[in-house]
Amino acid sequence: MRFRVIFILLLSLATCKKENAVTEPEFLKSTALFPIGAAIDYGRLKNSSLYKKTVTDEYTSITPENAMKWFTIHPSKDKFDFTEADYIVDFSLSEHNRIHGHTLLWYFFQDIEWVKNFVGDSAQWEQMIKNHIQTEVSHFKGKISSWDVVNEAFRDDDGSLRVEDRNPSIFDDGSIFARKVGRDYIARAFQYAHEADPDALLFYNEYGQEWSTEKIQSILAMVTDFKKRSVPIHGLGIQLHTDINASTSGIENALRELATTGLKIHISELDISVNPKSNSPFDYTDNIKQLQYNKYKFIVSAYRRIIPADQQYGITTWNVGDADSWIRGYLKRTDYPLLFDDSYQRKKTYQGFLDGLKN
C-alpha cells in the first residue's frame, strides 16, 4: 500500500510539471534547416525597437535592403559613405547573423547623376567600377559571407543582356556598364570582387525566372561560360517578387533549372503580393489570406523538396512587416505581401511559411 501511494504521488507530480511546463515559442530560425533571412532597412532598425526585436527573434541571415547599393554607399565620385551599412553589419554580427551583401552592380541608375555623367573611355570606366567594387568589398572583408555581385543584368522581354535603352520614356532599362565597359562586364565584376575577398561567396541575382524561360537560359549560359573560363561564381539568387496568382509550375521549373548548375541557390527577395492589379479600394479578405498562405507554404516546401540540401543557401524575405515593403513605398500600392503586419504581429502567411518548413 505504501509503495502504491508513493507511486501515485510521483505520477501526480510529473503530470503537474508537464502541465505547467513553459512551451518554447516557435521561430522561423529555430525551425528551418537552412538560413532564414530578411532584407533590413537602416532607419527602421535604428529607430524601432519592435522591428529590431522581430529581426533578432526570427532571422539568421541579414541582407541590407538599400544600405549597400551604389546610391547610398558611393554618393559622389570621391566619397564612400559606410554609415548605414556599418550599422547593419555591426548589429548583425552582434546577433551572430550571416550577412549577405546587396548589391555591387545594378543597372538601375536613375538617381546617381555622377555615374551617368562620368566622362572617360572604356578603360577609365572599368577602373572606376573596379574601384567601387573593391573598395566596398574590402571594407567588409571578413564580415560579409556573400555578395550579390551583379543584379538584374538580363532583359524582361527576351532575356538578352541589358545594353541599350529600349524604353527611355519609361525608365532606363539598359545598362550603362555594358555600354561603357562592354558585354563582359559581369565576369570582370565577379573577378574584382573575388580579388578583394577570396573567401566571400559570389552570387548573380535576378528576378523573373519563374515566368521567363529566356532569362533562365541566359543565366544558365552565363554560368556555363564562367565555369569554362574559371570566373568565380558560387551562387544564384532567384528573387521571387511574386503574387498569389503566380504559376506554381513556373516556380518549380525555375528552381529545378537553377539547381542544375550545382551552385548555391538563394531565394533572395521573397514577397507575395495580394493586389498585383493595384485595385483601389482593396479588401484583404480571409479568402485572399488563405491563397497567400498556400503560396508561401508551397514556395518554402518546393525549395526544400527541389533544391539539394548542400545547395540550399536559404530564403530571404524582402523586409519584415507589410508597412516596410517596397511595394507600398516604391510602387505606392495597397498591399500586404509579407509575414508580419504593420505592428509586427504574425500573419496567416507566417504560419504558411512555417508549415512549409515543416512539411
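These are my notebook entries on a predicted model, from its overall build down to a few single residues.

**Ground rules**

I number residues from 1 along each chain as its sequence is written. As this is a predicted model, I take local features only at pLDDT of at least 70 and side-chain atom pairs only at pLDDT 80 or more, while totals for chains, interfaces and linings use all residues, and side-chain values use heavy atoms, with hydrogens and water left out.

**Entry 1: the whole protein**

I began with the inventory, and the protein has 15 helices and nine strands. Here helices (H or I, at least four residues) and strands (E, at least two) are DSSP runs, numbered from the N terminus. The radius of gyration, taken over C-alpha atoms, is 23 Å, close to the 21 Å from the globule rule for 359 residues, so the protein is as compact as a globular protein of that length. That rule is 2.2 Å times the number of residues to the power 0.38. I also looked up the span of the C-alpha trace along its principal axes, which is about 100 × 45 × 40 Å.

How much of the protein is buried? Buried residues make up 53% of the 359, where buried means under 20% relative accessible area, exposed over 50%, and partly exposed in between (1.4 Å probe, protein chains only). Of the contacts (heavy atoms within 4.5 Å) with a separation of 6 or more, 76% are between residues 24 or more positions apart.

**Entry 2: strand E5 and its partners**

Next I turned to E5, residues 201-206, where five of the six residues are buried. E5 pairs with E4 (residues 146-151) in the parallel sense over five bridges; two strands count as paired if DSSP finds at least two bridges between them. In that pairing, serine 146 has leucine 201 in E5 as its bridge partner. E5 also pairs with E6, again in the parallel sense, over four bridges. There I found asparagine 205 bridged to glycine 237 in E6.

**Entry 3: threonine 63**

Threonine 63 sits in strand E2 (residues 61-64). Is it buried or exposed? Threonine 63 is buried, at a relative accessible area of 1%. Leaving aside neighbours within four places in sequence, I listed its contacts as Ala38, Ala39, Ile40, His100, His102, Thr316 and Trp318.

A reminder to myself: most residues other than glycine have a negative phi, and most peptide bonds are trans. So I went looking for departures from that pattern.

Threonine 103 belongs to strand E3 (residues 98-106).

Serine 280 and proline 281 are also joined by a cis bond, with omega about 0°. Proline 281 is in the loop between strand E8 (264-273) and helix H13 (286-306). That loop also holds serine 278, whose phi is positive, near 55°. Serine 278 is partly exposed, at 44% relative accessible area.

Serine 230 has a positive phi too, of about 60°. I placed serine 230 in the loop between helix H11 (213-229) and strand E6 (235-238). This serine is exposed, with a relative accessible area of 63%.
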